[in-house]
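Here are a few notes to read alongside the model. Please keep the viewer open as you go through them.

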Amino acid sequence: MAYDEGLAAMLRDDLNGRPGISEKRMFGGLAFMLFGNMLCGVTSQGAMFRVGKEREAEALEIPGTGPMMFTGKPMGGMVAAADETVADDDSRGTLMALAFAHAESLPAK
């Protein structure tokens, strides 16, 4: 599966210079990790953000987001974002902040 390199570059730019960031191929795409915990990524379906179950409802209020579906089932705590949502700096920034809040609550791997 191919993923949009433009979306990956946009997320990579947002994460540039932040400590603890690494990249890992997963879900047929590319995941960005914070100290080993998944933060966000891109798949053939677009961008995804791991916001955690406690922040999922807040993330889903952002226009252009929806449940992240994997093998036909929603993945709890993860949201998908439309290309237009990711292209919007404010929306992407909010999703990234929610993802960071979740990842920072987890122990490093």
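1. Start with E23, whose bridge partner in β2 is F32. That pairing belongs to the join between strand β1 (residues 21–26) and β2, which run antiparallel and are linked by 6 bridges. Do bear in mind that this is a predicted model.

2. The turn between these strands is worth a look. β1 and β2 make a hairpin with 2 residues between them, and F27 in the turn shows a positive phi of about 55°.

3. How much of β2 is buried? In strand β2 (residues 29–34), 6 of the 6 residues are buried, so the strand is largely enclosed by the rest of the structure.

4. On to the next pairing: β2 and β3 are also antiparallel, with 5 bridges. Their hairpin again has 2 residues between the strands, and here F35 takes a positive phi near 50°. Within this pair, A31 stands opposite G41 of β3.

5. Is G41 buried or exposed? Its relative accessible area is 0%, and buried means under 20%, so G41 counts as buried.

6. What surrounds G41? Apart from neighbours within four places in sequence, G41 is in contact with L11, L30, A31, F32, G46, A47 and M48. Y3 is 38 residues from G41 in sequence, yet their C-alpha atoms are 9.8 Å apart in space.

7. Finally, the rings. The structure holds 0 aromatic pairs. However, the charged end of R18 sits over the ring of F100, 4.1 Å from the ring centre.

Conventions. Residues are numbered from 1 along each chain as its sequence is written. This is a predicted model: local features need pLDDT of at least 70, side-chain atom pairs count only at pLDDT 80 or more; totals for chains, interfaces and linings use all residues. Side-chain values use heavy atoms; hydrogens and water are left out. Buried means under 20% relative accessible area, exposed over 50%, partly exposed in between (1.4 Å probe, protein chains only). Contact means heavy atoms within 4.5 Å. Rings of Phe, Tyr and Trp (its six-membered ring) pair if their centres lie within 6.5 Å; planes under 30 degrees apart count as stacked, over 60 as edge-to-face and the rest as tilted. A charge sits over a ring if NZ of Lys or CZ of Arg is within 6 Å of the ring centre and within 35 degrees of the ring normal. Helices (H or I, at least four residues) and strands (E, at least two) are DSSP runs, numbered from the N terminus. Two strands pair if DSSP finds at least two bridges between them.
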